[in-house]
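Here is a short briefing on one protein chain. Take a look at the model before reading on.

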Amino acid sequence: MSFWVSGVSLPPAESKARASRWPLVWIAVAAFTPFVLAYLTFYFWAPEGRMNYGELIDPARPLPDDPLALADGQPFRLGTLRGKWVLLLAAPGACDESCQRALYHMRQVRRAQGKNMERIERVWLVTDDAPLDPALARALEDMYFVRAAGSTVLREPALAGDRSGHIYLVDPLGNLMLRFPRDADPTRILRDVSRLLKVSRIG
């Protein structure tokens, strides 16, 4: 008995061999399709909801670990916060409404992490020698108020220039990682930070 393929008569054994290959082909297609779709989705059709809200700072490099001082005069180094995620704001001591709103959002983003809130610290780099409002300082709950006027920290490219109102995220290795826009949406900051805490194996 013979089988016809495209007008050519094939012996039974060869016809069966060809037929037996098709299941293997479909298995291979089924196995690789998810990887192909994932690649295309990530690089070409990534939905907006999966993108970072904060601007990625590239290249990542650690902030200088200069000897600094807290507002109460105690010595301080940013290096003491290694191993934690840090929400950071650089702003003058005469903190205006926008500055106060950013500081409040930093507090709320940390609180919203629940059991993970201890993985986050908050730093206000005070860029001048102006006195701080005591009522504001009390409301910010355990924030580090760091006097940074004249330090090399403020000359870092990512922090230099018009930085007022921007919240930054520093990773547990001390690298500036994300910069959020002025008057940022705290819900979207929270989403970025929560995602990083979920996937991070450090900090």
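A nonpolar core is a set of buried Ala, Val, Leu, Ile, Met, Phe, Trp, Tyr and Cys residues joined through side-chain atoms within 4.5 Å. Buried means under 20% relative accessible area, exposed means over 50%, and partly exposed lies in between (1.4 Å probe, protein chains only). The model is predicted: local features need pLDDT of at least 70, side-chain atom pairs count only at pLDDT 80 or more, and totals for chains, interfaces and linings use all residues. Residues are numbered from 1 along each chain as its sequence is written, and side-chain values use heavy atoms, with hydrogens and water left out.

**Overall layout**

- The chain has four helices and ten strands. Helices (H or I, at least four residues) and strands (E, at least two) are DSSP runs, numbered from the N terminus.
- Along the sequence, the pattern reads β-β-α-β-β-β-β-α-β-α-β-β-β-α.
- Of the 203 residues in the chain, 36% are buried.
- Contact means heavy atoms within 4.5 Å. Among contacts in the chain with a separation of 6 or more, 61% join residues 24 or more positions apart.

**Nonpolar cores**

- In soluble globular proteins, nonpolar side chains tend to be buried together.
- The largest nonpolar core holds 28 residues. Those touching the most other members are L87, L89, L103, W124, I167, F180 and I189.
- At least two residues of this core come from each of strand 6 (85-91), helix 2 (97-111), strand 7 (120-126), strand 9 (167-170) and helix 4 (186-199).
- Which element gives the largest share of this core? Helix 2 does, with five residues.
- L89 is in contact with C99, A102, L103, M106, V123, W124, L125, G165, H166 and I167, leaving aside neighbours within four places in sequence.

**Helix 4**

- The 14 residues of helix 4 should span 20 Å at 1.5 Å a residue, and the end C-alpha atoms are 20 Å apart, which agrees. The expected span is 1.5 Å times one less than the number of residues.
- Helix 4 has these buried residues: I189, D192, V193, L196 and L197. They cover an arc of only 130° around the axis, so they sit on the same side of helix 4. The arc is that of the directions from the helix axis to the C-beta atoms.
- K198 and V199 are exposed on the other side of helix 4.
- Cover for the buried residues of helix 4 includes strand 6, helix 2, strand 7, strand 9 and strand 10 (176-179).
- D185 caps the N-terminal end of helix 4. A side-chain oxygen of D185 lies 2.9 Å from the backbone nitrogen of T187.

**Disulfide**

- The structure holds one disulfide, a term for a pair of cysteine sulfur atoms within 2.5 Å.
- C95 is joined to C99, with an S to S distance of 1.9 Å.
- The torsion about the S-S bond of C95 and C99 is about -105°, so the disulfide is left-handed.
- Both C95 and C99 are buried.

**Loop residues: buried or exposed?**

- S151 is in the loop between strand 8 (144-147) and strand 9. S151 counts as buried because its relative accessibility is 9%. Beyond residues up to four places away in sequence, S151 touches D66 and L68.
- Q113 lies in the loop between helix 2 and strand 7. Q113 also counts as buried, at 10% relative accessibility. Leaving aside neighbours within four places in sequence, Q113 is in contact with I120, L190, V193, S194 and L197.

**Backbone points to check**

- The peptide bond from D58 to P59 is cis, with omega near 5°. P59 lies in the loop between strand 3 (55-56) and strand 4 (68-70).
- E141 is not a glycine, yet its phi is positive, near 50°. E141 sits in the loop between helix 3 (134-139) and strand 8. With a relative accessible area of 34%, E141 is partly exposed.
- D142 is not a glycine either, and its phi is positive at about 65°. The loop between helix 3 and strand 8 contains D142. D142 is exposed, with a relative accessible area of 70%.

Notes: Polar contact = N/O pair within 3.5 Å; in protein donor to acceptor, adjacent residues only side chain to side chain.
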